[in-house]
Amino acid sequence: MSPDTPRIVVTRALPPAALEPLHTVGDVWVSPHDRPLSVEELHEAVRGAAAVVSMLNDRVDDAVLAAAGPDLRVVANTAVGYDNLDVPAITGRGVLATNTPGVLVDATADLTIALLLAVTRRVAEGDRLVRSGAAWSWDVSFMLGSGLQGKQLGIVGMGSIGRAVARRAAAFGMDVVHHNRRPVDIGGSRQLALDELLETSDVVSLHCPLTPETRHLIDAAALHRMKRGAYLVNTARGPIVDESALAAALHDGTIAGAGLDVYEDEPRVHEGLRDLDNAVLAPHLGSATVETRTRMAELAVENVVAVLTGKDAVTPIAV
Ligand code: DGY
């Protein structure tokens, strides 16, 4: 390739077939590591890049942009959430930022329901019990959980994932209400103020983006507003919940249980959560299906190819 060939950096090994189109527009470097790049490795890798395909655990800040230098034209995040990108710094340098909305809606909604069922029906706790070899037998009052039918699900953040969760919850016979920053009119769901949603819902499920406004949206006060028998599900972003306050609320019975896929300081998980039977903890699996991860990689690649060939990005992050 000529020295003018754009350098494309992919920070994690994505499905090779999905990366194929990149080879037609540039010189592609794919991280050989099966782990996130360290900050130093990321700075080194992006040097001279025209495009960076980033993952949600790559922090793309001004230092990374400076390390990349003036050739950088696009940062294509392989995630719908983009709280790992310093978008003002990126756009301030005239670089485009893109994400992968839409393609992970169903996978994330499915995992939300999986966590909801796991925590309300004590599936993980039961699994641990059986594996432990402890004595157990069927009994009328053995390991009773909580049914979903006729219960109220409160969705915080009624974007495409929130709506997909609402559709699934309706099939379980739940009544759906929602809270959204901008009021949205969704058939079959009533918009409520956040406090009313917290006070009346049997399950609260979070689907809003992480922004300065939503950081610790669910803090000790919010948890105390929830019903004592209520459950919290978070498949959005960890820092939306104050994890210490949540651990305390689960411990003292302020709420009944939580299903979590994301954590405040991933991959670290608050110690107070790890030994609680009423917390089901998944390791950020929301979009983790072969089909979805392939589609996410393809969309990130489509964005890079579009920008490097002078076309409009497919899914630019609106600024
Ligand atoms: C996203 O795309 O933001 C998801 O969290 C990935 O699993």
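Strand E11 (residues 257-260) pairs with E12 in the parallel sense over three bridges; here strands (E, at least two residues) and helices (H or I, at least four) are DSSP runs numbered from the N terminus, and two strands pair if DSSP finds at least two bridges between them. The structure is a predicted model, in which local features need pLDDT of at least 70 and side-chain atom pairs count only at pLDDT 80 or more, while totals for chains, interfaces and linings use all residues. Residues are numbered from 1 along each chain as its sequence is written.

Within this pairing, Leu260 has Leu281 in E12 as its bridge partner. Both strands belong to an open sheet of seven strands, ordered E8-E7-E6-E9-E10-E11-E12 with parallel pairing. Strand E8 (189-191) and strand E12 (279-281) stand at the edges with a single partner strand each, so one side of each has no neighbour in the sheet. From one strand to the next, the twist averages 20°.

A further open sheet has five strands in the order E2-E1-E3-E4-E5, again with parallel pairing. Its edges are strand E2 (27-30) and strand E5 (96-98); each has a single partner strand, so one side of each is left without a neighbour in the sheet. Neighbouring strands of this sheet are turned by 15° against each other on average, direction ignored. Inside the sheet order, strand E3 (residues 49-54) runs parallel to strand E4 (residues 74-77), and four bridges join them. Ala51 stands opposite Val74 in E4.

Turning to the helices, H5 (residues 105-120) and H7 (residues 160-171) pack at an angle of about 50°, with their axes 9 Å apart. Axes are lines fitted to C-alpha atoms, for helices over the stretch in contact, and angles run from 0 to 180 degrees between N-to-C directions. H5 and H7 are therefore oblique to each other, a label for angles left over once those under 35 degrees (roughly parallel), over 145 (roughly antiparallel) and 65 to 115 (roughly perpendicular) are set aside. H5 contributes Val105, Asp106, Thr108, Ala109, Thr112 and Ile113 to the contact, and H7 contributes Ser160, Ile161, Ala164, Val165 and Arg168 (C-beta atoms, placed from the backbone, within 7 Å).

Finally, the residues around the ligand are Leu56, Ala79, Val80, Gly81, Leu104, His284, Gly286 and Ser287, each with its C-beta atom, placed from the backbone, within 6 Å of the molecule.

Terms used: Two residues are in contact if their C-beta atoms, placed from the backbone, lie within 7 Å.
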